[in-house]
Amino acid sequence: MEERKATPKLREDLAGKSLEEALEILKTEGIELTDEQIRAISGGGSWTGSCPKCGSEDIKNLAYNYWACNSCGHTW
Ligand SMILES: [Zn+2]
């Protein structure tokens, strides 16, 4: 069975979504990601999320599924 990958189009759809929302979309698309791939999306540099507190997109991925905002210092 051919492995389905997250396409650039899909990455656009995922932009701005939380990781949980993104995973929900991927599930809907029938795409199962490995932890490695999820990490690539969430921390691979192409992920464009934003701080849930101040909305800043100046965020960084500290660890798997753990984020920090460079603007307000909020972590989630
Ligand atoms: Zn913030």
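Guide: Strands β1 (residues 59–63) and β2 (residues 66–69) run antiparallel and are joined by bridges. This is a predicted model, in which local features need pLDDT of at least 70, side-chain atom pairs count only at pLDDT 80 or more, and totals for chains, interfaces and linings use all residues. Residues are numbered from 1 along each chain as its sequence is written.

Visitor: How many bridges join β1 to β2?

Guide: Two strands pair if DSSP finds at least two bridges between them. The number of bridges joining β1 to β2 is four.

Visitor: Which residue in the hairpin of β1 and β2 takes a positive phi?

Guide: The hairpin has two residues between its strands. The positive phi lies near 60 degrees, and the residue that takes it is Asn-65.

Visitor: In what order do the elements of the protein chain run?

Guide: Helices (H or I, at least four residues) and strands (E, at least two) are DSSP runs, numbered from the N terminus. The protein chain holds three helices and two strands. From the N terminus on, the order is α-α-α-β-β.

Visitor: Is Ala-22 buried or exposed?

Guide: Ala-22 belongs to helix α2 (residues 19–28). A residue is buried if 20 or more other C-beta atoms, placed from the backbone, lie within 10 Å of its own, exposed if 12 or fewer, and partly exposed in between. Because Ala-22 has 23 C-beta neighbours inside 10 Å, it counts as buried.
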